[in-house]
Amino acid sequence: MLPTPRSRNFAPSGCRRRYSVSQSVARSRTNHDNAARNSSRPLEAIEAAYDRIEAERDRNCWIHLRPREEALEICRKLVARARTGEHLPLLGIPFGVKDNIDVEGMPTTAACPAFSYTPWQSAHSVERLTAAGAICLGKTNLDQFATGLSGARSPYGPCASVADARYVSGGSSSGSAVAVAAGHVVFALGTDTGGSGRIPAGFNNIVGIKPTIGLVSSRGLVPNCPTIDCVSVFCNSVSDGEAILDIIEGFDFEDPYSRPPRASSFASGAMQSFRFGRIAPADLECFGMPECGELYERACERFAQLGGTAVEVDFAPFRQAGELMFSGPWVAERHSAIASLMDIESGSLLDVTRTVLGSAAGYSAIDTFGAIHRLHRLRRNVEAIFAGIDALVVPTAPRPFTLEEMQRDPITLNNRLGYYSYFANLLDLCGVAVPNANLPDGMPMGVTLLAPAWHDRVLIGLARRFEAGAADAAFELKRSA
């Protein structure tokens, strides 16, 4: 049985009601100074954002906040530029940035105070957003060095789900997801290596877009596993996420992990009929909470109602690839990346972070190459599966855990959270996490659509249809009541 709900002011969403990124971009295309005509609106949005943030400091979602007056002055200057006819599609829209992504003039801590430095240049993705007129309000909390999926591994305090303060928010991009879900900002950047851009979206009832690796430059990110790290986007609608992706994507020669996009990454997802892979009921793993499986079945039914044909797939190759992430040598890449930045034995790291990184010593170069060869065989198996489907639908996470449960067993439960997410980047998949339904106590559980690299727009199209179907169903329910 689930405990009695104790929800905390779920989804205040002042920003969500007032601002839509996609609508702002659309307006700017037809009338560049449309937003500038009402110069008070962006300023009011900034003021409202700071009011909400200051009223909800206990959410622990911010590590560093830009001074209010500084943000307002930036906004005034942007409005003045827009009045001269400059094209600023994101004029005055407030956003947050995970604190392992550089923002010029703001400290980057990666949730490790001893590591803190102040960069002279923003990350490539942040530069593109600010050039479009968006205003970064500050840096958001995370699992230390992005090592975790719970949002509970930070010296700046744990982040809880906006839906219920007893439960973890998901991580490692915990602060970014909570800041969006709580209505502090319109959107936020996170990162994703093993699920960090998807699991917090699922537990906070928002959208999380994990692009193809290399589609968005990773220049300016504190490395975690550099070969599979990527920038992610948290927002309130699929259309908003696509609008942000349009701005931040693009090849960056200065990023050694950037890849030129393929034509398929821009292909439309507006297919009337489609085939989606689903996990067989007997293979669903919910770690003792079967009601989560029931919500997944409901999602599959909705995809079928949208014109999809369900195809049961063999989940074993995905599960086996995921095991390589949490019990394989990729932890050695993480150890290598962090050890090159600071002394991990200095006592500056949380005990759980040091324990996870310490396990890297158990893997040899022979183990690493063996795992790489095994991963390539699994990738070939997954290619065969995707030859028969347009997308794979999985639970974003198997089940939620409380903060208390996570503190008692942080490593085992953290690995369980990644059961449906760990494999994605290793298998070179893109993904979109979308809200699905709530458990009886109100805790949200999302689903994630996955497809091979460069099929981002196909997934976005399907996710948008799923989102619209949920809105239509809610409208019909309200009307019948």
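In strand β6 (230–235), the side chains of C230, S232 and F234 point one way, those of V231, V233 and C235 point the other way, and all are buried, where buried means under 20% relative accessible area, exposed over 50% and partly exposed in between, with a 1.4 Å probe and protein chains only. The strand is thus described as mostly covered, six of its six residues being buried. The model is a predicted one, in which local features need pLDDT of at least 70 and side-chain atom pairs count only at pLDDT 80 or more, whereas totals for chains, interfaces and linings use all residues. Residues are numbered from 1 along each chain as its sequence is written, and side-chain values use heavy atoms, with hydrogens and water left out.

Strand β6 is joined to β4 by five bridges in an antiparallel arrangement, with D192 opposite C230 of β6. Three bridges, likewise antiparallel, join β5 to β6, and here G208 stands opposite F234. These strands belong to an open, mixed sheet of eleven strands in the order β1-β3-β2-β4-β6-β5-β10-β11-β9-β7-β8, two strands being paired if DSSP finds at least two bridges between them. At the edges stand β1 (62–65) and β8 (308–313), each with a single partner strand, so that one side of each has no neighbour in the sheet. From one strand to the next the twist averages 30°. Elsewhere in the sheet, β9 (residues 391–395) and β11 (residues 444–452) run antiparallel and are joined by four bridges, and P395 stands opposite V447 of β11. Helix α9 (residues 238–248) packs on the sheet and touches β4 (187–192), β5 (207–210), β6 and β10 (429–438), its direction making about 145° with that of β6; axes are lines fitted to C-alpha atoms, for helices over the stretch in contact, and angles run from 0 to 180 degrees between N-to-C directions.

Helix α6 (residues 124–131) has H124, S125, V126 and L129 among its buried residues. The cover over the buried residues of α6 includes β2 (94–98), β4, β6 and α9, and just after this helix G133 takes a positive phi of about 105°. L129 is also one of the residues with the most contacts inside the largest nonpolar core, together with L90, F187, I248 and F318, in a set of 105 residues; a nonpolar core is a set of buried Ala, Val, Leu, Ile, Met, Phe, Trp, Tyr and Cys residues joined through side-chain atoms within 4.5 Å. Apart from this core lies another, of 31 residues, among them I46, A82, A181 and F234. Leaving aside neighbours within four places in sequence, F187 is in contact (heavy atoms within 4.5 Å) with residues including V21, I93, L129, F234, C235 and I244.

Across the protein, 18 helices and eleven strands are assigned as DSSP runs numbered from the N terminus, helices being H or I of at least four residues and strands E of at least two. Of the 481 residues, 59% count as buried, and residues 24 or more positions apart account for 78% of the contacts with a separation of 6 or more.

The loop between β3 (135–140) and α7 (174–181) holds S169, which is buried with a relative accessible area of 0%. A polar atom of the S169 side chain lies 3.1 Å from the backbone oxygen of C159, and, not counting residues up to four places away in sequence, S169 touches residues including S150, G151, A160, I199 and F203. S172 has its place in the loop between β3 and α7, and a cis peptide bond, with omega of about 5°, joins G171 and S172.

Most residues other than glycine have a negative phi, and most peptide bonds are trans. F287, in the loop between β7 (274–279) and α10 (290–305), has a positive phi near 50°. W454, in the loop between β11 and α18 (456–480), has a positive phi of about 80° although it is not a glycine, and W454 is buried at 1% relative accessible area.

D343, by contrast, counts as partly exposed at 47% relative accessibility and is placed in the loop between α12 (330–339) and α13 (351–358). A polar atom of the D343 side chain lies 2.9 Å from the backbone nitrogen of E345, while D343 and F115, 228 residues apart in sequence, are 9.6 Å apart in space, C-alpha to C-alpha.

Notes: Polar contact = N/O pair within 3.5 Å; in protein donor to acceptor, adjacent residues only side chain to side chain.
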